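This report describes selected parts of one structure, element by element. Please keep the sequence and the model at hand while reading.

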There are 2 protein chains.
Amino acid sequence: MAGGIRVINGGTVTSAKGFEAGATFAGLKTYAEDKLDLGILLSREPATAAGVFTTNRLKSPSVVLTEEHIADGKAQAVVVDSGIANACVGEQGYKDAKAMTAKAAKHLGLKPEDVLVCSTGIIGVELPMSLINAGIDHIKVTDDGGHLLARAILTTDPKPKEIAVAFDLNGATVTLGGITKGAGMIHPNMATMLCFITTDAEIQADLLKGMLKEAADESFNMMTIDGDTSTNDTVLVLANGAAGAGPISEGSEGADLFRKALGQVCVYLAKEIARDGEGASKLIEVTVEGAKTLQQARSAARTIAGSSLVKTAVHGNDPNWGRVVAALGRSDAEVVEEKIALYIASVCIMEDGRPIAFHKDSIIAIMSGPEVAFRINLNLGDGRATAWGCNLSEEYVTFNSAYTT
Amino acid sequence: MAGGIRVINGGTVTSAKGFEAGATFAGLKTYAEDKLDLGILLSREPATAAGVFTTNRLKSPSVVLTEEHIADGKAQAVVVDSGIANACVGEQGYKDAKAMTAKAAKHLGLKPEDVLVCSTGIIGVELPMSLINAGIDHIKVTDDGGHLLARAILTTDPKPKEIAVAFDLNGATVTLGGITKGAGMIHPNMATMLCFITTDAEIQADLLKGMLKEAADESFNMMTIDGDTSTNDTVLVLANGAAGAGPISEGSEGADLFRKALGQVCVYLAKEIARDGEGASKLIEVTVEGAKTLQQARSAARTIAGSSLVKTAVHGNDPNWGRVVAALGRSDAEVVEEKIALYIASVCIMEDGRPIAFHKDSIIAIMSGPEVAFRINLNLGDGRATAWGCNLSEEYVTFNSAYTT
């Protein structure tokens, strides 16, 4: 655990002081077992806010509107539906996103501009606004509603993903909590994933935004499920200052702790998404070190973690390191073959660019666990990065062959 | 059929005059049903030669040596093994590649520098040179040995891929023949694929090289099986002038016909590779038109054809056009949502960026065939490109989960 940061048992997005959440069944998510599909996250007091958003050129109007509402660095609530993505529906999409924020604002007694909106699910279908309007009226936000909201944002994810961490600052306890949803289409630069993080720290919007960007680059943007990215990806963070620990300013001990805590929350949630990928049963962790630059290390780690051949090899517990090397070779990272070292877990499989005899059955046994780690040292510089992915299974194919039909 | 170009029934890489081929079982390819795994392609007379090669940074030394031997624009033979890729084996790889060309040269009565060498198969295993040396001695090249060679270069491909075309020029018949192997790891910029093309046209090496590059960019570099690229990809063309049609010079009618014929051979073979992808049962063809530039059209077509979610949707005959649009949005192509039109086969599914009601069962029926075509018009410019891929099936996963083990 990074310096003084502790994980809160059963923590969630309402663990930080002054946050409430709730969810209901509006009737949008007919294909999932858990029918909760509409939720609200609220900060009782105005909060500073920051977000990072999909880089897909075809953005959901929900994302467009949220970017507008968050531009002033302030927000107090998020309304979110799962089941329908509100993407590729023409002008109506923006109108519906606006109507959703207006309705939620009225329900909560806020201004629409202080409400953010997220949607995830099927593309090309209009939001059923009467169901949504009726649903919003039914949502009751409570102090421990984070668990409900964590369920309500899921689409095809098998399970909710939640965490909260805390650290002491100026005699007070600062808490950060987060929830996320992922499943299919998760890929660097944030596929159909939503992540909501809350904190009772007091922190300026610009500093918060910079830290969130950094944390996302090392977590959500380093994971891949299937190489696809979506129209709706959003990571939001709200900071309401309710902890009473005083303002966190750049360069302070508080900033240091907060940055670490935010990074920890993001990495935890990103790994949970990868582990929970469609049809996935194993987490793949790829660390590339010794790259010429950080960017090259990231490219190499992501390329390997996202390779279909690596993913199927992991699925079959097959120590087929040739596929790892082939993926490395097509990434943006400079490589010198004679300098490459490759490890599966802690076992060296290749050194100085040449395979080393290994006991195959031992490696197969190591690879049979729920987490498979590859480490590659390029021995060319200081660039180091870790990426996460999951095995590619028959279930992924079966599942994704019959989604809308 | 492009102007005056006809397909030769049962054509192959030895259909052009003056080419011979042969193959044998050397004992390298223990995992395939067809045990032919070592072959030779020979031009009876010296030929001009050109090649395009993998862009993977970790290249097989067989590729490195072939690039050296072809640098003078001349070659007379190719020796090729399937089963072992001769990649990631340290210095020995280059020595073995040299020894293979020397051995084949001796067997054929040529200089080693006029022999090119290709390897495909498992990475990280040294070539068993005594098996290869013995095997080369057993190879008898013949006029119709192309069919044998087409089998001998396969690794996991279900079936040989061969074609020959011909056209008339100056009272003579010019023939082009080609064979290829692909299967897994096929991706733009030429994954584990080998392609050998021969022609009895007389053409200068530089012109030949330029035309090959163009043809490869519109065929092999526009197809994707699983997004991975390999250490060994090679496309070679040998032109020996035996047709007696006189030299083909840039700008002439002959150059026009030859360019078309070469393009036709490459596109045919590329599509056959996609159709024959590991676990594949359907060819996906994605045409993007109206892009701002050719490069943007290519990026969009390739991104869509390579999307795991599109590939699984095709597998399940699922008209999930939202996935096509999401893939489009993350490609390098500029898009204006309100201008996008999308067709499955000839049925318009989206116009002006908005979904159009369609009869789902009809589209499902259309998608149930062996070829599924998507056409996207971005309505922004003249850029147009076609890419090919295949469905992602449970069989792909099963197959690739147990390759080396």
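## A strand pair in chain B

In this predicted model, V286(B) stands opposite F374(B), which belongs to strand 16 of chain B. The two strands concerned are strand 12 (residues 283-291) and strand 16 (residues 371-377) of chain B, which pair in the parallel sense over seven bridges. Helix 7 (residues 294-306) of chain B packs on the sheet and touches strand 12, strand 16 and strand 17 of chain B. The direction of helix 7 makes about 20 degrees with that of strand 17 of chain B.

Strand 12 of chain B is also joined to strand 17 of chain B, here by seven bridges, and these two strands run antiparallel. Within that pairing, G383(B) in strand 17 is the bridge partner of A291(B). Sheet strands pair through backbone hydrogen bonds, in either the parallel or the antiparallel sense.

## The whole sheet of chain B

In what order do the six strands of the open sheet in chain B lie? The order is 15-14-13-16-12-17, with mixed pairing. Strand 15 (354-355) and strand 17 (383-390) of chain B stand at the edges with a single partner strand each, so one side of each has no neighbour in the sheet.

Another helix, helix 10 (residues 360-367) of chain B, lies across strand 13 (341-344), strand 14 (347-351) and strand 16 of chain B. Helix 10 runs at about 65 degrees to strand 13 of chain B.

## The sheet of chain A

Chain A has an open sheet of six strands in the order 15-14-13-16-12-17, and its pairing is mixed. Its edge strands are strand 15 (354-355) and strand 17 (383-390) of chain A, each of which pairs on one side only. Strand 15 of chain A runs antiparallel to strand 14 of chain A, and two bridges join them. At one position, P355(A) in strand 15 is the bridge partner of M350(A). Helix 7 of chain A packs on the sheet, in touch with strand 12 (283-291), strand 16 and strand 17 of chain A.

## Helix 9 of chain A

How many of the ten residues of helix 9 (residues 321-330) of chain A are buried? Ten of the ten are buried, and the helix is mostly covered. Among them are W321(A), R323(A), L328(A) and R330(A).

These buried residues pack against helix 7 (294-306), helix 8 (308-315), strand 13 (341-344), strand 14 (347-351) and strand 16 (371-377) of chain A. They also pack against strand 5 (115-122) of chain B.

## Two helices side by side in chain A

Helix 2 (residues 92-108) and helix 3 (residues 129-138) of chain A pack at an angle of about 20 degrees, with axes 9 Å apart. The two helices are therefore roughly parallel to each other. On the helix 2 side, the contact is made by D96(A), A99(A), M100(A), K103(A), A104(A) and H107(A). Helix 3 contributes M129(A), I132(A), N133(A), I136(A) and D137(A). The crossing of helix 2 and helix 3 of chain A is right-handed.

Chain A is divided into domain 1 (6-275) and domain 2 (283-401). The centres of these two domains of chain A, taken over C-alpha atoms, are separated by 31 Å.

D276(A) is placed in the loop between helix 6 (253-275) and strand 12 of chain A. Is D276(A) buried or exposed? D276(A) counts as buried because it has 23 C-beta neighbours inside 10 Å, the cut-off being 20 or more. From C-alpha to C-alpha, D276(A) and L116(A) are 26 Å apart in space, and they are 160 residues apart in sequence.

Terms used
Residues numbered from 1 in each chain as written. Chains lettered and ligands numbered in written order. Predicted model: local features only at pLDDT ≥ 70, side-chain atom pairs only at ≥ 80, totals over all residues. Buried ≥ 20, exposed ≤ 12 C-beta atoms within 10 Å, placed from the backbone. Helix = DSSP H or I, 4+ residues; strand = E, 2+ residues; numbered from the N terminus. Contact = placed C-beta atoms within 7 Å. Domains from an automatic or database assignment. Pairing = 2+ DSSP bridges. Axes fitted to C-alpha atoms, helices over the stretch in contact; angles between N-to-C directions. Parallel < 35°, antiparallel > 145°, perpendicular 65-115°, else oblique. Left-handed = near helix turned anticlockwise from the far one by under 90°.
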